[in-house]
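I opened this entry to keep track of what I looked up, in the order I looked it up.

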Amino acid sequence: MSDVEDGPADTVEEVTGTGIPIRGNDIDTDQIIPARFMKVVTFDGLGEYAFFDQRFDDEDNEKDHPFNEERFQGANVLVVNSNFGCGSSREHAPQALMRWGIDAIVGESFAEIFAGNCLALGIPTLTADHESINALQQWVDDHPDEDLHVDVVRETVEYGDNEMGANVDKAQHKALVEGVWDTTALMEANAAATRDVAESLPYVESGSLPEVESDD
Amino acid sequence: MSEGTLYDKVWDEHTVTTLPTGQTQLFVGLHLIHEVTSPQAFGMLQERDLDVAYPELTHATVDHIVPTGDRSRPFENDAAERMMEELEENVRDAGIEFDDPTTGDQGIVHVIGPEQGITTPGKTIVCGDSHTSTHGAFGAIGFGIGTSQIRDVLATQCIAMEKQKVRKIEVTGELGPGVEAKDVILEIIRRLGTDGGVGHVYEYAGEAIENMGMEGRMSICNMSIEGGARAGYVNPDETTYEWLAETDAYADDPEKFERHKEYWESIRSDAEAEYDDVVTIDGSELEPVVTWGTTPGQGIGITDPIPDPEEMASGDADVARRAQEHMRVEPGETMNGYDIDVAFLGSCTNARLPDLRAAANVVEGREVDDGVRAFVVPGSQRVKAAAEEEGLDQVFTEAGFDWRDAGCSMCLGMNDDQLQGDEACASSSNRNFIGRQGSKDGRTVLMNPRMVAAAAITGEVTDVREMKGVSLA
């Protein structure tokens, strides 16, 4: 389990480490973190509940699941198939994965809100075609102790003697590589421009506008 | 690139600037918050010593964890009580209006916005809940956001976003008797896939949509996210304006109504608007749709056979095989006659007054099947009161339904309303994911409210059109 703090680092240009495959399309956020574990007011400790219902039976005995396998403990690159993270907007899902130890996810495709939530946490989500992902999952399965190298800058994943292209969404690329993904700070700097837009909207009552200093 | 659509216009009206990431900084007209996804965001705000920038454009309710039975404080469940207290403290400190259960205005966040008239056309609306797309029924652009983005909105009243493509989905013709908005959206997701809408906003149009009331339009927009589209909307029209004129926001202020209406009219998609994509569906061909699997895209007409995974592409086939194993159904069978243990009428998809009326009409004078646990969870306290005014609560309770207080309830099983073991549930909610309703072995069959009522009475999935003496008008 990784020890992480809330809030952004500087840049995320690459992630190196061992991989863990989770196979299947349409893996939804209710599977990644069942709702009953969201009755909390912080994200602390969510890591142990990642994929909980896939990992444990009714008597809390371990079931077959990569997150339970000894050989994948310590892995930080998750390799998934298509539409991963569909469903709810709960940030608890990437938070649980991050707190379990995941630093990057490579897959066929991601649900949009999930990918956005990952970016807010500095977790890159790279995409590649079905065949490439299958090959990578197989390699990770066969080489659980070997590092793979996720290069966000070059948009590649290197493993063994292979290098595969992997797409990083344009805004995500810029945000991670240039370290401009603290959107609160970025947008706070435009408080006066924000107020101008608010003022121009016919449905915003003037009484609800805050006083702000002009933007730098 | 789309041009001249409602989405394009609302996007432009709310654009503050382009950020260094290339994303747009977009002003948020209404920020809805609830107890599950907001506490961590308030915590992040405190860490940075920031205040809520626009508290008057922020509105809170409690829905996910709130009990639907005994609601006396403190709540019996300690974790639920803790979350409630946290929300109370946060909204008090920030000066945010909060519809708690003592106000009579509490309810599911996507039910209360529209009923109070704070959901309006041409507004950007966000909430830490994926079903925020619901508000698109009014010609608003609503999207679900994560907790870090909630922090952004609390601190700046803006979100950082990339503009999406616009797909127009035209539902032509007239829906047949017993076919409802829920069936239309389940069919759309079945055809376009659970990820078909990724990167897109859906504009719903066509005769079948135009003829729907606001509640039906909300059911459709609500499930846009189940089709991968982060937002979905319907252009505002007279039906929209009639609804709004009667809400708290406008009922006593016709001058404000007319002033705002000018804006609402101005953001409608132009007749010659350009779309990235157009899909047409013949509404007159549809029948009630039910799900056979564990994603909302795994739906079929009630008389259609369950599909064979062998005839699907490899990725879909694996998902279908696992789903059929979980649900214990076989290809070639229909869902008609599938035994159920629980009937749940509720959720932000289908727990508004016309939903309850339609279901009550099926239930009236009948009794819930012996083996079935059936309950109604109105979408809001106002919906509940209005239904009681009409005597719907009597109809349901006399038939053997439990009549509860408002909340998300068994849609996601965060309170005590949960499936037990491998119970099968006929549900008017929006997700049939494994584990969604509180039990990892539970089985969910999504359907429209009348079909839930019919299943409660017979104890099995039933084509409501075949029930004798039921008016489908």
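**Strands, helices and salt bridges**

I began in chain B, where strand 3 and strand 4 (residues 58–61) pair in the parallel sense over three bridges. The model is a predicted one.

I then looked for other partners of strand 3. Strand 3 of chain B also pairs in the parallel sense with strand 6 (residues 124–127) of chain B, again over three bridges. Here B:L32 stands opposite B:C127 of strand 6 of chain B.

Next I checked the faces. In a regular strand, side chains alternate between the two faces of the sheet. Strand 3 of chain B (residues 30–33) is covered on both: B:L30 and B:L32 are buried on one side, B:H31 and B:I33 on the other.

I followed the chain from strand 3 to strand 4. Together with helix 2 (residues 39–47) of chain B, these strands make a right-handed β-α-β unit.

Is helix 1 of chain B enclosed or open? Seven of the nine residues of helix 1 (residues 6–14) of chain B are buried, so I noted this helix as largely enclosed by the rest of the structure. Among the buried ones are B:Y7, B:W11 and B:H14.

I turned to chain A. Its domain assignment gives domain 1 (14–179) and domain 2 (182–216). The centres of domain 1 and domain 2 of chain A, taken over C-alpha atoms, are 36 Å apart. An unreviewed UniProt entry annotates residues 12–128 of chain A as "domain: Aconitase A/isopropylmalate dehydratase small subunit swivel". Over residues 12–128 of chain A I noted 22% helix and 16% strand.

A:D141 lies in helix 5 (residues 130–142) of chain A and A:R23 in the loop between strand 1 and helix 1 of chain A, so the pair ties together parts 118 residues apart in sequence. A:D141 counts as buried at 18% relative accessibility, while A:R23 is partly exposed at 41%.

Another salt bridge brings together the side chains of A:D182 and B:R48 (3.0 Å, N to O). A:D182 is in the loop between helix 6 and helix 7 of chain A and B:R48 in the loop between helix 2 and strand 4 of chain B, so this pair joins two chains. B:R48 is partly exposed, with a relative accessible area of 29%.

Methods
Residues numbered from 1 in each chain as written. Chains lettered and ligands numbered in written order. Predicted model: local features only at pLDDT ≥ 70, side-chain atom pairs only at ≥ 80, totals over all residues. Heavy atoms only, no water. Domains from an automatic or database assignment. UniProt positions renumbered as here; feature names shortened; annotations may be inferred. Helix = DSSP H or I, 4+ residues; strand = E, 2+ residues; numbered from the N terminus. Buried < 20%, exposed > 50% of the residue type's maximum accessible area, 1.4 Å probe, protein only. Pairing = 2+ DSSP bridges. Right-handed = clockwise from strand over helix to strand, strands pointing away. Salt bridge = Lys/Arg side-chain N within 4 Å of Asp/Glu carboxyl O.
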